[in-house]
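Subject: Structure for you to look at

Hello,

Here is the structure I promised to pass on. My notes on it follow below.

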Amino acid sequence: MNPLIQYILIILALILIALVITKLMRKDFNIEANKLIGYLGGKDNIINAECNMSRFKVILKDISIVDKDAIEKLGAKGIVEIDNQLKIIFGKDAKQLKRYIDEIL
């Protein structure tokens, strides 16, 4: 086999592997948004949701039914509770997560 063809096949294989790895590393924000809504007590418990930089702020009807441990396992770096409001720090993923939640709500 021609060495040039071998190099081309190797490069194509490496590109394919890189694409598969990139696909596997991407978060599925639709699934995570659905989980987050469930952890917040469901759609009916959410009054308002906003995003400010890396923080996701949500106003809830009943804050006692929120599963904070599950939210942290989802990737939250911190949760601040003020009255019926939660400020959840998600980092760079906050805006994209908010976008998916808006579509669901």
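**Surroundings of Asn-45**

Apart from neighbours within four places in sequence, Asn-45 is in contact with Leu-40, Ile-59, Leu-60, Lys-61, Asp-62 and Ile-65, where contact means heavy atoms within 4.5 Å. Please note that this is a predicted model, in which local features need pLDDT of at least 70, side-chain atom pairs count only at pLDDT 80 or more, and totals for chains, interfaces and linings use all residues. Residues are numbered from 1 along each chain as its sequence is written, and side-chain values use heavy atoms, with hydrogens and water left out.

Asn-45 sits in the loop between α2 and β1. Helices (H or I, at least four residues) and strands (E, at least two) are DSSP runs, numbered from the N terminus. With a relative accessible area of 5%, Asn-45 is buried. Buried means under 20% relative accessible area, exposed over 50%, and partly exposed in between (1.4 Å probe, protein chains only). Ile-71 is 26 residues from Asn-45 along the chain, and 15 Å separates their C-alpha atoms.

**Strands**

β1 (46-52) and β2 (55-60) are paired antiparallel over six bridges; two strands pair if DSSP finds at least two bridges between them. Glu-50 has Lys-57 in β2 as its bridge partner. The hairpin of β1 and β2 has two residues between the strands, and Met-53 takes a positive phi near 55° there.

β2 is also joined by five bridges to strand β4 (residues 85-89), again antiparallel. In this pairing Arg-55 stands opposite Ile-89 in β4. β4 in turn pairs with strand β3 (residues 78-82) in the antiparallel sense, over five bridges, and Ile-79 stands opposite Ile-88 in β4. In the hairpin of β3 and β4, with two residues between the strands, Asp-83 has a positive phi near 50°.

Which residues of α2 are buried? They are Phe-29, Glu-32, Ala-33, Leu-36 and Ile-37. These residues lie on the same side of α2, because they cover an arc of only 140° around the axis; the arc is that of the directions from the helix axis to the C-beta atoms. Their cover includes β1, β2, α3 and α4. Just after α2, Gly-41 takes a positive phi of about 105°.

In helix α4 (residues 94-104), the buried residues are Ala-94, Leu-97, Lys-98 and Ile-101. They share one side of α4, because their arc around the axis is only 100°. An α-helix has 3.6 residues a turn, so residues three or four places apart point the same way. Arg-99 and Glu-103, on the other side of α4, are exposed. The buried residues of α4 pack against α2 (29-39), β1 and β2.

**Salt bridges**

How many salt bridges are there? The count comes to three, taking a salt bridge as a side-chain nitrogen of Lys or Arg within 4 Å of a carboxyl oxygen of Asp or Glu.

- Lys-57 and Glu-50: the closest N and O atoms are 3.5 Å apart. Lys-57 is partly exposed at 26% relative accessibility, and Glu-50 is partly exposed at 35%.
- Glu-81 and Lys-68: the closest N and O atoms are 2.1 Å apart. Glu-81 belongs to strand β3 and Lys-68 to helix α3 (residues 68-74), so the pair ties together parts that are 13 residues apart in sequence. Glu-81 is partly exposed, with a relative accessible area of 39%, and Lys-68 is partly exposed at 31%.
- Lys-98 and Asp-102: the N to O distance is 2.5 Å. Both residues lie in helix α4, four residues apart, about one turn of the helix. Lys-98 is buried, with a relative accessible area of 12%, whereas Asp-102 is partly exposed at 43%.

**Nonpolar surface patch**

Leu-4, Ile-5, Ile-8, Leu-9, Ile-11, Leu-12, Ile-15 and Leu-19 form a nonpolar patch on the surface, with about 760 Å² of accessible area together. Patches are made of residues with over 30% relative accessible area and no salt bridge; like charges are joined within 9 Å, and nonpolar side chains (Val, Leu, Ile, Met, Phe, Trp, Tyr) within 5 Å. Accessible areas come from the Shrake-Rupley method with a 1.4 Å probe, and for residues only the protein chains shown count as cover.

Regards
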